[in-house]
Amino acid sequence: DRVVMQPALCWFRKKLWIAWSGYDAATYKMAIYLLQFTADKAGTAAKVVSGSFNAFRPSLTAGQDQVLVCCDVGHDGVYEIALLLVDEQGIKSELSTLGQAHERWMNPSSAYGLDGAFHLAFTVIRDVVDDRYDIVDHEVGAAYARIEGSKIRLVPDAAIGDGVLAARMWEGLLGKDVYVPYFGTRRKVIPVVLPDGQIWLAWEFRYEKNMTQSGGNPANTKQPSHQHYGWLAGKQLLGETWMETRILHEGGTLYNIVAGQKQNVILVSCIRQFDVAAIPEICSDLVDPLEARLSPAGHPEDWNRWKPFIEDRISRERFSASINGEIYNLYWADTHTHSSLSPDAEGEPDEHLLFGRDIAGLDAMAIVDNDYYPHKALTEYEWCVHKELSLLYTENGKYVVLPGFEYTFHDQKINPDFNHRYVLYPTGSGELYRRIDTGSRTVAELAVKLEGTEGLMFAHHPSWVLTGSDRDRNVEVCSSWRVCIEEKDFVVNRLNAGDQFSFIGSSDTHRAVPGLGGALTGIYAKELTAEALIDAYRNHRTIATQGSRIAIDFSVNGLFIGEEGQVTGAPAIRIQISGDTELEFVEIIRDGKAIKKLAGDGPSMMHEFRDQMAMPGRHYYFVRVKAVGDPSYNEPDSDHAQYNVFIGDRGIYRFNFARARGPFAWSSPIWIIVDGSGDCASNGR
């Protein structure tokens, strides 16, 4: 009954061999299974890779006498390459692993050569940081290993000098000036062994700025839009020396390559799409790699700003608050991230979940890949994978994964025309409703679909219109794209118009850095379970931050964050702030205006007062916290000229780059009605 993931095939000794990643009830982890088919029957599936890790992405390659089984295994913040040899009788060698601390060695692919050796390629991912701006990203490279019998030998490029990498894959993945979207596969390397013994590594990439052979259009007569314009690079191994990188092909995406069976050429297939609205075209070409032109010379110093990153999380006691006499803990979540199942994002779904848990130290997270954008639909199978992974990684009390998807709707009636939602469900549950499906073509129809379920909607981006449904009362006010609540007055205007909603902070990262992408949500819940988190969302017990873990305990007359009630007399305000860095100021906001501003004096603060100026009638309050530091706004028309590091040409980074730990935090509002008579009432909090 559990989902089967990532099947791989090969033909060996007149049998079809198939491997896949599937659930192992004995270890509660994902394992690799292997099955042989003859012409008329199937054999018995054998579990060949399992342990105290999750095994994904198997590959199979037939050799002379054995089949090479490879996969990657993830645990404790790292991935390693696991490999073994299996003969026709199913006898397997000892499991070998390749890896290094604080790195992710992933996506193995192999080929068999006439030299009697297996040739293995995989990606190596290292976390890096630009510590001037506290931006976390990844350095990605290609590694190569030669396997002969029981001997496994890495063959690195001596010019790189780290003893591991055969090629760097920085271009288009690690920012020089700007990170750009791309609808292809940029983190998989493929080994190619030609009949005459040539050994190549090939990988797909894109330049930050479009380049062509002649400076104009690529080989076809039309110019693909920048998101769809990819390149295929290759690097040849001669003896123990790696030659310079060549450009094997340009103008496509989603490259697949096959070595020639009789000729020393590479069959290249890819997809070309010339604008978002166009129908993709399938392209295939034969490439002689020795005739390919050299890649433009790279400049490693362009990436010198990136330094190795190993998160040193501050050890702290769990912050908690007393609400109506009960203790609620503050949990930290990033519930808006995109994986490689979204066409312009990177990172495997399981890689995101491992990163969020083991590197960013999140309590909860969600991957919400796009339902349909711009030409790719999230399939029912992919939705099943999300739900299965949420079950696999959730451990109540330690880490909770909520399955979800982004409903990529554009409402032409508002400007900008976003009105997107993402949908979250409790672990392992929920249905997929896409905007291309009958009955869920609009946000209002989506809200109806969610009635009677545990699903919740989360509005995001700078503009949206809430439907009025009780499922549609959460708003992402900060992400890596926009510090919306600060850069624009849209959020406050909607509160002033009478909308009631939670404040959420989520990264919306497309760069596989959940929890370190520039926004977090603090959630007050009795326990760390999916049900308790959903209850907190429904009752607005949330705070939004720009990535820092700034705790806000805020009440008005004993009414806690997210609550509403009636007050007699001057409202009694109580705040407690606890962070990791120096506070610059704390403001109490009533009806969109600051009624009190307190200067910071250290990383924490407590304060109480009465709002004597609150007139009878309906009001809302929330707390705005600013720690010391530059929030680096992204919105060009922001009024705050002092915060301009990322704006336009003034900044060094754009497009989904954001500080991992920006300085702002905001509580969700408290709504009250002041009746104007008598003394201030309190519920005793």
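Me: How are helices α1 and α2 oriented to each other in this predicted model, roughly parallel or roughly antiparallel?

Reply: The general idea is to take the angle between the two axes, where anything under 35 degrees counts as roughly parallel. In this structure the axes of α1, which spans residues 349-359, and α2, which spans residues 380-393, cross at roughly 30 degrees and come within 10 Å, and the two helices are therefore roughly parallel to each other.

Me: Which residues make the contact between α1 and α2?

Reply: On the side of α1 the contact is made by P349, D350, L353 and R357, while α2 contributes H386, L389 and Y393. Sorted by class, the residues of this contact are four nonpolar, one polar and two charged.

Me: What does H336 touch, leaving aside residues up to four places away in sequence?

Reply: H336 touches A366, V368, E406, Y422, H460, E476, S506, S507, D508 and T509. For V368, which is 32 residues away from H336 along the chain, the C-alpha atoms of the pair are separated by 5.8 Å.

Me: With which side chain does the side chain of H336 make a polar contact?

Reply: The partner is the side chain of E476, and the distance of this polar contact is 2.8 Å.

Terms used. Residues are numbered from 1 along each chain as its sequence is written. This is a predicted model: local features need pLDDT of at least 70, side-chain atom pairs count only at pLDDT 80 or more; totals for chains, interfaces and linings use all residues. Side-chain values use heavy atoms; hydrogens and water are left out. Axes are lines fitted to C-alpha atoms, for helices over the stretch in contact, and angles run from 0 to 180 degrees between N-to-C directions. Helices (H or I, at least four residues) and strands (E, at least two) are DSSP runs, numbered from the N terminus. Angles under 35 degrees count as roughly parallel, over 145 as roughly antiparallel, 65 to 115 as roughly perpendicular and the rest as oblique. Contact means heavy atoms within 4.5 Å. Ala, Val, Leu, Ile, Met, Phe, Trp, Tyr, Cys and Pro count as nonpolar, Asp, Glu, Lys and Arg as charged, and the others, Gly among them, as polar. A polar contact is a pair of N or O atoms within 3.5 Å; within protein, one must be able to donate a hydrogen and the other to accept it, and residues adjacent in sequence count only if both atoms are side-chain atoms.
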